[in-house]
Structure formats: structure tokens, C-alpha cells
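Subject: Structure handover

Hello,

Here is the structure for you to open. My notes follow below it.

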Amino acid sequence: MLVCLVLLLVTLCAQGGSGEDAQRPGHVSVVIVGGTGDLAKKYLWQGFFQLYINHVSSGNTFSFYAGGLSPPEKANPVFFEILKAVTCPKDVSQERCALLKEQFLRLSAYRQLKTLEEYQDLSKHIELQLRQEGLTEAGRLFYLSVPAFAYADIAEKINSTCRPTSGVWLRVVLEKPFGHDFRSAQVLATQLGGSLTDEEMYRIDHYLGKQVVAKILPFRTENKKFLDPIWNKHHIERVEIVLKETLDVKGRIPFYDQYGVIRDVLQNHLTEVMTLLTMKLPVNLSSSKEVLQNKLQIFSSLLPIGKNQAVIGQYQAYKAQVQQELNMTKDHISITPTFAAVLAHIDEARYEGVPILLISGKMLSERVGYARILFKNDLFCLENNNNVHCKPKQIVFHFGHGSLQYPAILVSKNLFKPDLKDSGWKEVTDHKDISVLGLPISDYYVHTPADQREAYSELISHIFAGRKDTFISTENLLASWGMWTPLLNSISRSFPRIYPGGVDNGDLLDVLLKGKEISYNSEVVMISNNPMAGMSANEFHVMQGKFRGSEMVSAWAEGLVEKLAADLQEAAEEAVREGGVFHLALSGGSSPLALFNRLSMHHFSFPWRDTHVWMVDERCVPITELESNFRNLHDHLLQHVRIPYYNIHPMPVHLSQRLCVEEDGGAVQYEKDIRKLVNGSSFHFVLLGVGYDAHTASLFPGSKIDPHGESLVALTESPTKPHQRMSLTYSAINQARRVALLVMGKNKHEMITQLSRVKDNPEKWPVTGVKPSDGTLVWYLDYDALLG
């Protein structure tokens, strides 16, 4: 039946395709994992519908699957609405389009893809269809439109269950982000390399699918005779790669606050454009290997980028959006940049001294993206300033939007008239009365794609054709992170300049270049009541010292959490190296939430598989309730990391349908579990908070818990609701190898001041009973708690 439908379409569809596909025709199974998500809805299904239209008449047959975590009865209506919204190209008649859409819907289905068994079922389904229809399989294409932390697990499932037979290709597409720094990218690459070959992986950067970006190398090749004499330091004044956006990041804060503008667009989109503009031209443009080698040469020639080569900013409303979406208090300050201008230099004779600016930001005055090569102009027109030869000499690769609206390559008429041999491009001679980067549009030679195509559709056609030159290889990825990670580390505690947003920004974000350094042109302007907004990170670094005779680390909240997370991972890796397991006890309350967020979003190489997570204390409520410490731990950390469920140890506060009844023996049972699994009952790492009354864990003032007792777990009473608690005792805490006390916020300053003066008195000041016998105690105090 499927074959008949395809043969019918052969007579109805216009001959399509990119002309790149030299592979044998056959049946292709397309699986979009995350197939009902936002990206799939906006771009991917439209892209695969275009692929279907282009290739169904070339002897290929298709099946399309949307994979997701939801059960079919919930996902099918959503999936059906997405498919109904796909559209045909303008040259396809309404009647033909209706038939194409109908057949595309019949070839598409939703499948729940959550467990290994469900991936096995999918593979069996594909193989059964091939046998029943008598089809020859050409390949399987998996598009992972899911968060990066799920890549390795899904790749492993695909490798173990869904690999096709020999001679049939497998292609797995990965969306960004590919890690958040060099180390995490390396770990992710290693994890994926255990399941897939580099040839099978297609790391997608949709900017490489933009027609203007894809045209950069061909343009440089086609106009080599004009460009060779001037594409050097003697003629180029500077290179600018700019992506300006008018929108904020409201609704995306949980993702964006962990990444910021540099990781979001500079490390990938703008860096790729930079390499295309500056790399040595390959002899063979279609050779992905040669293109890669020439890109890598640029990365190896870049001068180091540090704090003096970047300025960062943050739009004023961002703080309130973070507090709202991350459920933070009004005291919470985020230093994640939403604007960045970075200055790069290439240490090669051709480009020596040529500044390369990479700039992007949210809440700017206009939406536009472009790359501009500005050339020096030594001509001075004394009488006629409007003479075309005295105007700026520039080439603009205009990605879209802005005053021009459409994608185009513009060459100022005082440079040369470009050759564009590609028949897919056309010259524009009928101009509106607009200007582009300081020149009237009439002062440019303007070329634009004859048929404008969406970036994802372009890249999907390349994936189908097996073209790798427009995708990010492992070497390319690690080279890019190697360029950006030192900068990210150097500004991790820097406070961004606050800017109001939109046209009100004025000249606040203008930058000044001085040799190899960049700075804001204007003095800092305070536009909020936040006293830290204009404060330089140079004034406060992470400090280390002593507090109550123990080690102390202090920093601004974000820097403190970053340091604690790094120390925690170091302790975990050391424990796993020594004994193959890491036992971690975590406290409840609000203080650790920022740490949990940091661990889940930044520490992708944390050895969760070898980690056992225990509770320091628990409220006597069902663990499904919001008040439960375990519920908070699960929602903010455990559900986001790959930890075996049997390594998670919630406190048994709910037994026999009762809460914390001593006769039920919950505390005794938890103590038995600790003694059985934790060597010497000595946790590797215990994280504690400190309350306003100096309580820690659920050990409160007036508690009758003996600091020298042998019991490891006890039922306690809190002065606030819910009154009943279960807690580790001093004995359990003080046997740990490392204990961390995390204290954050101005409202803890008075308590910290008191603790700095009092002697040990656990009955009045419970935290003073924390005295590891053979381990270390470290106080992590943010500046608000320490300095008020």
C-alpha cells in the first residue's frame, strides 16, 4: 500500500531535491525525539515535509515518527495539530499540496520513546514494515530535539536497539548546546563516542543553514581576483559580526540564566561566521575535511581572549524575571550577561592587528544580524563629501531583518562589482529608500537568494544527503570551547553593566577599542537601586580564611555556589577514584537550591552513577508534598541527572500510613541502612545549612540530642510547623570526611555575627556542635551573610 501511494505521488510532484544526494534510493525512517516540542513545531516538521516533497519522486519512501515521553493518547492531538500546520512551497498548486499533506500525515505517527523497551519496539516496527512492504532500507535518521543532558542516554538506546543492518546509514542529529565549557563538551563527546561514530553525528548550528552564511565561502571563491589583493591587514579596518535582538528572555530563564549570551550565540553562531570569513579558502569547497582543517587553523591562531577583551551587560528587567521564574527572593542577584561585545585577534601575518568584533544582546533597539568587513579608505574628498568614492568601503553579509528585511550580500560600489556564479542568486536593482550600515541601499551592489529557504530545511536536506561540511565536528566543537572557556572563567564573577533596554539604551553599550583591549565608551551609569549593579568583580574575589577556627570560603552568591559545586565535584571524583563510590548527605531548606541548579545545569561530568544521595533531615510530611525536603531535592536536582534510583535514599518518615511515629522504627531503619552501605558510617560529604536561630539539619535550640551520643538518626521537634522532623545526629555528621556549612543572604548576617563571638554551646547554638572528628569543616558564607 505504501509503495502504491509513493508511485502515485511520483506523477504529481515536481522533480525536487538539492542534487546533492548520491546515495542509493530506498526507505528512510525519520524519528524526531522530542517531536511535539517547540522546535519541532516551529521548524522541524516543516523541514521534513519539505524533504519529503523534494525526494519522494526520486525513488525514496519514508516513514516519520514523533518520539516523546507522553503517552500517545495525550500527545496524538498535539502532534496532529503540528502536522496540519505544515505548508507547501509557492510553486505547488493547492490540489497537489492537499494530496501531499494527506500522504505526509498518513506516513507520520507518534510513538512514546521513554524506555529501552520502547526503542526496541520502534526498531521491530520499522523492520516489520520493511518486510511487509518489501522495501529496501536506505537509512535511519534520528533528530534529538531534547535537552543536552539526555543525549548520551538516547544515543545509547539507539546504538543498542535501533541500529540498521550493515550497508544502511544511521544519522543522529544533535541540537545545541553541546556542553557549557571545554570540559563538559569533552565529556559529552566521549559519552556520545561510546555509542555513535563521528560520521553518524550531525551537530546542528542552524546559522550554517542560513543561505547568506552558506554563501560566504563560495562568495570569497567566486570573487577571489577582487578579494585577494584587499583581504588583509593593509586594507581591512575591522570585521564585525553582530546579532541584535529586541526580545527579552522571559519564559526561558531556567535555561538562559545558566548559559547567558556568550554560550547562547557567540560560542557557536558568531564564531562559525568568524571562521568562514577568515579561514584559508579550501581548494575543494565541498570537502568537509578540508573545510574543517582550515577552520582549526584559525582557532589555533587566535590570540587568547580574557577579561580585557570583553564587556558584558544585562538588561534591567532581567533581575525581576529571574526572581520570578526561578522562585528566588528579591535579594537574589544574577550576573548572567544578556549582552556581550568581544574583541578577537588572529595571530597570522594576513590579519595581524585587525580587530574582529563579535557582538550580541537581548533587548536592543532593533532586530538584525550581519557580518561586515569594513575596509580602509584613504581618499579624502574636500568639496564633494557625497562622492561615492569617499564613502565607507564595505562588504555586508546581511542575515536578515533590520531595515533591509531580506537576506543579502551587499558590496559597496566603491569596491568592486561582485561575481555570483550561482544561479540561485539574483541581483536586486529596484531599491527602497533605506540605508544599511551608513550607506544608502543605492550605493551597494545587492544580491539575494532567488528562492529564500528556511535554515532548518536547508540543513535537513544536507543531513539526508550525508553532507558534513555544514555541521560541527568534534574537533571543531572542542576548538571553539577551547577559545571561549578561558573568557567565561575570567568573567564568571564580573558584574554586567545594567542597561534599560530598547531605544533607551542610547550610547550606553557603545564600545571603545584600544589596541588589543575593549571597554565601554561611557562611564558606568547606575539605573537601579541595586548597589552591586555597577560594582566591579575586581573589588571582591572569592576569599578564603577562617571562621570559628575552621576553613571559610566567601564570595558573592553566584561565585560562592560555583565554588561549592566545584569543591563537591572534586570530592566526589576523589572518593570514586579511591573506593568506587561517593556518599553524599544533603540538607533541606532554600539555601541549597541554587547549588542543585548549578550541579544539574553545569556539572555534566559529575559521577552520579557512583553517587549515593542521603538526606540530612526531613520534615514529617509525605514526600510528595511541596514541604518535603526530598520533594525539593528531587524537583531541583535528582530528576535532572542520571543517577540510579537505588542510589537515592529518602528518609522513611511515612510508614504504616503514619508520619514519624517512633514505634514504626523509621529512624532506626535509616540508621541501619547507613551502617550497612556507608563504610564506617562516614559520609564523604555532608552539606548543611544554618537557620536564623543557628539550628542546623533539624537540630534545634533546646534539643536533647547528645552531641556525643552513638545514634546516627533521631526524631526531633521544630519550633515551626511542621513540628515533627527526622534528622542525622551530631554523631553521624561529625563522622563525615567533609562537612560544608552554606549560609547565604543579608538576613543571616546578624546570626553569623553572633556565631563569630560565642563559644561552643550546642544546646543554645546547635551549629556549634558540628565538629568533625577526623574530617574537615568548611564554612561557605556569601558576602551578604558575612558583611551584611
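In these notes, buried means under 20% relative accessible area, exposed over 50%, and partly exposed in between (1.4 Å probe, protein chains only). Helices (H or I, at least four residues) and strands (E, at least two) are DSSP runs, numbered from the N terminus.

This is a predicted model, so local features need pLDDT of at least 70 and side-chain atom pairs count only at pLDDT 80 or more, while totals for chains, interfaces and linings use all residues. Residues are numbered from 1 along each chain as its sequence is written, and side-chain values use heavy atoms, with hydrogens and water left out.

Confidence

pLDDT is the predictor's confidence in each residue, from 0 to 100. The protein's mean is 90, and 94% of its residues reach 70 or more. Strand S10 (residues 356–361) has the highest confidence, at 98, and helix H1 (residues 2–10) the lowest, at a mean of 37. Residues 1–22 stay under 50, and the model gives them 42 contacts beyond four places in sequence. Contact means heavy atoms within 4.5 Å. Residues 524–540 are also below 50, with 29 contacts beyond near neighbours in sequence.

Helices

The expected span is 1.5 Å times one less than the number of residues. Buried residues of H16 include Gly559, Glu562, Asp567 and Gln569. Gly580 follows H16, with a positive phi near 80°.

H2 (residues 38–55) has 18 residues and reaches 26 Å, close to the 26 Å expected. H2 bends by about 40° at Leu44. That bend is the angle between axes fitted to the seven residues ending there and the seven starting there. In H2, 13 of the 18 residues are buried, so the helix is largely enclosed by the rest of the structure.

Glu458 sits in H14 (residues 455–465). Glu458 is buried, at 15% relative accessible area. Beyond its neighbours within four places in sequence, Glu458 contacts Gly209 and Arg453.

The sheet

Six strands form an open sheet with parallel pairing, in the order S3-S2-S1-S4-S5-S6. Two strands pair if DSSP finds at least two bridges between them. S3 (108–112) and S6 (201–203) are the edge strands, each with a single partner, so one side of each has no neighbour in the sheet. Neighbouring strands are turned by 20° against each other on average, direction ignored. Axes here are lines fitted to C-alpha atoms, for helices over the stretch in contact, and angles run from 0 to 180 degrees between N-to-C directions. S5 (residues 169–174) and S6 run parallel, joined by 3 bridges. Val172 stands opposite Met201 in S6. Helix H6 (residues 151–161) packs on the sheet, touching S1, S4 and S5, and its direction makes about 160° with that of S4.

Backbone points to check

Most residues other than glycine have a negative phi, and most peptide bonds are trans. The Lys176 to Pro177 bond is cis, with omega near 10°. Pro177 is in the loop between S5 and H7. The Lys721 to Pro722 bond is cis too, with omega near -15°.

Gln657 is not a glycine, yet has a positive phi of about 60°. Gln657 is exposed, at 77% relative accessibility. Cys660, also not a glycine, has a positive phi of about 50°. Cys660 is buried, at 8%.

Best wishes
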